[in-house]
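Please find below a short note on the model under discussion.

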Amino acid sequence: MTEYPTIRTNADRANLTSVREQVLPLAQAAGASATCMGHLDLVLEEAFINAASYAYEDTDGRIEIACAIRDGLFCVTLRDWGVAYDPTANIPTPVTGDFGDLTIGGVGRILMASMTEECTYVRKDGANEFTLCVSLKK
Amino acid sequence: MDFTITQNGDKHVVAVAGRLDAVTASEFDAQSEAWIADGHTQLVLDLHGLEYISSAGLRSILTTAKKLKAGNGSIAFCCLSGMVEEVFSVSGFGAMFPMFKSLDEALA
């Protein structure tokens, strides 16, 4: 198992680009396929934007991002100390029907569930820990 | 994100290139509001140059589609591939909107 230094940032949506620029090169250097890179890019955005938008009432809250490689998977764990929220609970089904009646809520969670090999949540020591693992060779 | 616009009859064809994500979605929103404000209500989005889309991008597309529908307009998509095609398929958007393999088919 390979573990990388934890990335620490404020819960600010504007920090997404910085987070991407720190995480994606780790997977690239580990030999991730193009498909893996695309999936990792997307699930990282969805998870970070969710945490940055909803965990805290302002942008001063902390988010930690820990990356690791195990069993051919590149795993990202996002940790925040905001309101308890399980992104893996009650994942909606893909949208259907007339788009005029559609709201977008939940689509990000559908995408994360589809593009990961593992997607787990725990509430631990007052923190949300959300781990997303993508196959490096997919 | 880059936009290349051509008018084909009553169809306003916009080739979107780059990334449509939480960072760039506001740029797309501003552009689409301008298209609609200018009276372009028959929209075809050519996504062959779009490399990446997230739920934030889908939200922008949905917002645009709803505005067009409210004004009796329409939206169609063509030329999706790779990760963008996968996101449309997995989310269900690919089954909800007119989708075409080529621009010629979208304009037919």
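How much accessible surface does chain B have, and what share of it belongs to carbon and sulfur atoms?

1. The accessible surface of chain B is about 4600 Å², and carbon and sulfur atoms hold 50% of it; areas follow the Shrake-Rupley method with a 1.4 Å probe, and for residues only the protein chains shown count as cover.

2. This is a predicted model, in which local features need pLDDT of at least 70 and side-chain atom pairs pLDDT 80 or more, while totals for chains, interfaces and linings use all residues. Residues are numbered from 1 along each chain as written, chains are lettered from A and ligands numbered from 1 in written order, and side-chain values use heavy atoms, without hydrogens or water.

3. Chain B contains five helices and six strands, taken as DSSP runs (H or I, at least four residues; E, at least two) numbered from the N terminus. Their order along the sequence is β-β-α-β-β-α-β-α-α-β-α.

4. Of the 108 residues in chain B, 48% are buried, that is, under 20% relative accessible area (1.4 Å probe, protein chains only). Among contacts (heavy atoms within 4.5 Å) in chain B with a separation of 6 or more, 68% join residues 24 or more positions apart.

5. The contact between the chains involves 24 residues of chain B and 27 residues of chain A. The buried area is about 2100 Å², with 64% from carbon and sulfur atoms; this is the accessible area (1.4 Å probe) lost when the two parts are put together, summed over both. B:K69, B:V90 and B:M96 provide 25% of what chain B buries against chain A, more than any other three residues.

How values were computed:
Buried < 20%, exposed > 50% of the residue type's maximum accessible area, 1.4 Å probe, protein only.
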